[in-house]
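Thanks for coming, everyone. Please have a look at the screen.

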Amino acid sequence: MKEILISVRCLHCGHVSYVKSEQLISATLEPEIREAILKNTYFQGICSCCGQPYAYFIRFCMSIRHMIL
C-alpha cells in the first residue's frame with residue numbers, strides 16, 4: 001500500500017543495499033504479505049554482494065479485519 005525505500009547494511013560484508021518495504025498493509029487486500037509477516041519471512045533478504053541472508057526491522061501498521069488465524 002505505502003512503500004518506502006530503506007537502506008540495509010549486510011552484517012557479513014558491510015555492503016549497503018536498498019529494499020522496498022511497506023508501511024501500511026491491508027491484510028484483506030494483500031494476503032501474500034500478511035502470510036509472509038506471519039511466517040516471519042517478509043523482513044528478510046539476501047545480500048547481493050556476498051549472498052548471506054539478512055533481516056531488517058521497520059515500523060509498520062497492518063490492518064486486520066475479519067481475519068481468522
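Which residues do ring pairs link into a cluster? The cluster consists of Tyr 42, Phe 43, Tyr 54 and Tyr 56.

Before I go on, the ground rules. This is a predicted model, where local features need pLDDT of at least 70, side-chain atom pairs count only at pLDDT 80 or more, and totals for chains, interfaces and linings use all residues. Residues are numbered from 1 along each chain as its sequence is written, and side-chain values use heavy atoms, with hydrogens and water left out.

Now the rings in detail. The structure holds 3 aromatic pairs. Rings of Phe, Tyr and Trp (its six-membered ring) pair if their centres lie within 6.5 Å; planes under 30 degrees apart count as stacked, over 60 as edge-to-face and the rest as tilted. Take Phe 43 and Tyr 56. Their ring centres are 5.6 Å apart and their planes stand at 90 degrees, so this pair is edge-to-face. Phe 43 sits in the loop between helix H1 (31-38) and strand S3 (44-46), and Tyr 56 in the loop between strand S4 (53-55) and strand S5 (61-63), so the pair ties together parts that are 13 residues apart in sequence. Helices (H or I, at least four residues) and strands (E, at least two) are DSSP runs, numbered from the N terminus.

Buried means under 20% relative accessible area, exposed over 50%, and partly exposed in between (1.4 Å probe, protein chains only). Tyr 56 also pairs with Tyr 54, and that pair is tilted, at 6.5 Å centre to centre and 45 degrees between the planes. Tyr 54 is buried as well.

Next, the fold. The chain has 1 helix and 5 strands. Along the sequence, the pattern reads β-β-α-β-β-β. Strand S1 (residues 2-9) and strand S2 (residues 16-26) run antiparallel, joined by 8 bridges. Two strands pair if DSSP finds at least two bridges between them. Lys 2 faces Leu 24 in S2. The hairpin of S1 and S2 has 6 residues between the strands, and there Gly 14 takes a positive phi near 85 degrees.

Asn 40 is in the loop between H1 and S3. Asn 40 counts as exposed, at 57% relative accessibility.

On to the cysteines. How many disulfides does the structure hold? The count is 0. Cys 47 is in no disulfide, and the nearest cysteine sulfur, that of Cys 13, is 3.8 Å away. A disulfide here is a pair of cysteine sulfur atoms within 2.5 Å. Cys 47 is buried, at 4% relative accessibility. For Cys 50, the closest cysteine sulfur is in Cys 10, at 3.7 Å, which is too far for a bond. Cys 50 is partly exposed, at 33%.

Finally, the whole chain. Of its 69 residues, 32% count as buried. The accessible surface comes to about 5200 Å², and 55% of that belongs to carbon and sulfur atoms. Those areas come from the Shrake-Rupley method with a 1.4 Å probe; for residues, only the protein chains shown count as cover. Among contacts (heavy atoms within 4.5 Å) with a separation of 6 or more, 45% come from residues 24 or more positions apart.
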